[in-house]
Amino acid sequence: MDLHRSFVIRESGSRIINPLDPGRLAGLGRALRLPPGTSVLDLACGKGEMLCTWARELGFTGTGVDLSTAFVADARDRARELGVADRVSFVHGDAAGHVATEPVDVAACVGASWIGGAGSWQARVDGTLALLGRSLRTGGTLLIGEPWWRRTPPDRETVEACHASSPDDFPDLPALLDRFDDLGFDLVETVQAGPDSWDRYAAPQWLALRRWLDEHPGDELADGLRAELRVAPRRHLLHQREFLGWGVFALMLR
Ligand code: SAH
């Protein structure tokens with residue numbers, strides 16, 4: 001099982017595959033105020049930028065799990081590049097059901113909560129927090145990166161531009177906060193994306209698509225990705241960056 005090739009093409013210019021920019025990602029690590037040696041499990045770790053940079057800056061250790069062989073290879077390269085290959089390791093595989101052998105101080109799933117459950121956002125959030133909780137030591141911290149509606153989407157075009165099929169696919173912020181509370185968590189820290197950091201996630205994909213198309217005009221994916229490049233900038237600039245909030249929430253069980 002592997003991630004579809006189109007994601008690898010689209011994300012080829014990005015190290016962070018979520019709408020936090022490098023400054024926000026570093027700020028999140030510092031905000032946790034945890035000591036060197038803190039152990040982290042990162043499910044659906046992508047290219048491992050969070051683990052690698054936190055290992056270098058904060059002395060954390062950890063394991064990342066991701067479905068993409070290409071992303072896991074990039075993560076291992078990045079660990080070597082930052083000189084932290086002895087502190088972080090990356091596993092290729094399905095993170096759904098992955099439980100750490102030793103309980104960790106921090107268990108994270110940033111932007112992939114479908115690994116915890118299918119269907120409603122409630123099922124995804126509940127399932128992901130339950131999954132992460134199975135790897136967490138008593139008193140540890142969970143990190144979950146989730147989207148939420150900043151404004152109620154006024155029409156179908158907005159919903160689809162935000163990669164949703166219905167407005168109910170994402171919560172508004174009060175509903176998401178209520179959910180964390182109902183599940184018995186204290187929200188102890190957060191770093192939120194803003195329209196400008198959303199741009200740093202979305203826009204590099206357009207140049208990546210364009211360069212790939214120039215090099216692979218006859219590829220079987222070319223027609224689809226060419227069509228995507230025509231609409232993606234509008235979808236992002238007119239809709240996503242205005243309507244979709246996104247943040248990482250740090251939670252501790254009460
Ligand atoms: N957390 C990373 C990546 C987020 S993008 C970051 O913030 O940079 C979503 C990631 O989920 C992709 O890397 C994709 O390969 C991974 N993914 C999707 N389904 C998965 C699964 N079932 N198990 C593990 N990883 C998965």
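In which sense, parallel or antiparallel, do strands E1 and E4 pair, and over how many bridges? In this predicted model, E1 and E4 (residues 104–110) pair in the parallel sense over four bridges.

**Strand E1 and its cover**
- Strand E1 spans residues 39–43 and is mostly covered, with five of its five residues buried.
- In a regular strand, side chains alternate between the two faces of the sheet.
- On one side of E1 lie Ser39, Leu41 and Leu43, on the other lie Val40 and Asp42, and all of these residues are buried, so that both faces are covered.

**Partners of E1**
- Strand E2 (residues 61–66) also pairs with E1 in the parallel sense, here over five bridges, and within E2 the bridge partner of Leu43 is Val65.
- On the E4 side, the bridge partner of Asp42 is Ala108.
- Together with helix H3 (residues 49–58), strands E1 and E2 make a β-α-β unit that is right-handed.

**The ligand and its surroundings**
- The ligand is surrounded by 19 residues, of which the closest are Asn18, Ala44, Asp66, Asp94 and Ala95.
- The residues of this shell comprise twelve nonpolar, five polar and two charged ones.
- A backbone N or O atom of Ile17 lies 2.9 Å from an oxygen atom of the ligand, while an N or O atom in the side chain of Asn18 is 2.7 Å from an oxygen atom of the ligand.
- For Ala44, a backbone N or O atom lies 2.7 Å from a nitrogen atom of the ligand.
- On its own the ligand has 570 Å² of accessible area, and the protein covers 89% of that area.

Methods: Residues numbered from 1 in each chain as written. Predicted model: local features only at pLDDT ≥ 70, side-chain atom pairs only at ≥ 80, totals over all residues. Heavy atoms only, no water. Buried < 20%, exposed > 50% of the residue type's maximum accessible area, 1.4 Å probe, protein only. Helix = DSSP H or I, 4+ residues; strand = E, 2+ residues; numbered from the N terminus. Pairing = 2+ DSSP bridges. Right-handed = clockwise from strand over helix to strand, strands pointing away. Near = heavy atom within 4 Å. Polar contact = N/O pair within 3.5 Å; in protein donor to acceptor, adjacent residues only side chain to side chain. Areas by Shrake-Rupley, 256 points an atom, 1.4 Å probe, with all protein chains shown as cover. Nonpolar A, V, L, I, M, F, W, Y, C, P; charged D, E, K, R; others polar.
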